[in-house]
Amino acid sequence: QQDEAALRRTLHEQLLGLSKEILVETLEDQDWSNTWRDTFSAMCFGERLWVCPLGEMPPQADAIVVHLDPGMAFGTGTHATTAMCLRWLDVHPPANRRVLDYGCGSGILAIAAHKLAAAQVTAVDIDPQAILATQENARRNGCANAITVLHPDELGAGAVDLLIANILANPLIELAEDLSRRVRPGGRVVLTGILSEQAGDVQAAYQPAFAFAPAVRDAEWVLLAGTRR
């Protein structure tokens, strides 16, 4: 049982004073690890990249399919930021590229990158539950041996061709120097988890290292894609 006032204070501190009102609502206890199943169905992102629940196949013969059971980790494709990343990957398949999924959640983006012919995929997250979910989803998709799943502290110093970070604006800004040096010159970065009013600050943090394309927007969310100088 959480104290509502303390919870509000913590959220305001974590969100660094964002002006939007925080609404707290009490919900009946339930099996949260399975509530996603009520609304999760096969979804297409772009031309042929699909995310499907286990045991379900899309109606497209040449579909590239990620089968997913997110468990308690974030990421089914239903959130706008994940959907934007998936659509970006469909348009820019990372064939023969080294990919780092920073903040992997359920592993959805790492698995999609592998199925789009990435040469090497590394997925990292600070949440042990996300690491377990990514490992299990990689196993279900037949790519457990093709995706390296780590805590960020375990990452080596090598640079990648594509870094995707679907986290939050403040961590993205704090990690700008570290994430920038993890992308090779000419490589690409995809950043999201960013609200519209935060996009300028995030882009400014990465601008010294990256040339950015016009921002992609989905309602209140923004995706920034840039090329390493």
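Contact here means heavy atoms within 4.5 Å, and the model is a predicted one.

Me: Leaving aside its neighbours within four places in sequence, which residues is D101 in contact with?
Reply: Start with where D101 sits: strand β4, residues 98–102. Skip its neighbours within four places in sequence, and what's left is L109, A110, T122, A123, V124 and I164.

Me: Is D101 buried or exposed?
Reply: The cut-off for buried is under 20% relative accessible area. D101 comes in at 1%, so it counts as buried.

Me: What does the side chain of D101 reach at 3.2 Å?
Reply: A110 is already on the contact list of D101. Going down to atoms, the side chain of D101 gets to 3.2 Å from one there, and that's the backbone nitrogen of A110.

Me: What separation do the C-alpha atoms of D101 and L162 have?
Reply: Along the chain, D101 and L162 are 61 residues apart.

Me: How many disulfides does the structure hold?
Reply: C85 is buried at 1% relative accessible area, and C143 counts as buried at 1% too. A disulfide would need a pair of cysteine sulfur atoms within 2.5 Å. The number of disulfides in the structure is 0.

Definitions and conventions:
Residues are numbered from 1 along each chain as its sequence is written. This is a predicted model: local features need pLDDT of at least 70, side-chain atom pairs count only at pLDDT 80 or more; totals for chains, interfaces and linings use all residues. Side-chain values use heavy atoms; hydrogens and water are left out. Buried means under 20% relative accessible area, exposed over 50%, partly exposed in between (1.4 Å probe, protein chains only). Helices (H or I, at least four residues) and strands (E, at least two) are DSSP runs, numbered from the N terminus. A polar contact is a pair of N or O atoms within 3.5 Å; within protein, one must be able to donate a hydrogen and the other to accept it, and residues adjacent in sequence count only if both atoms are side-chain atoms.
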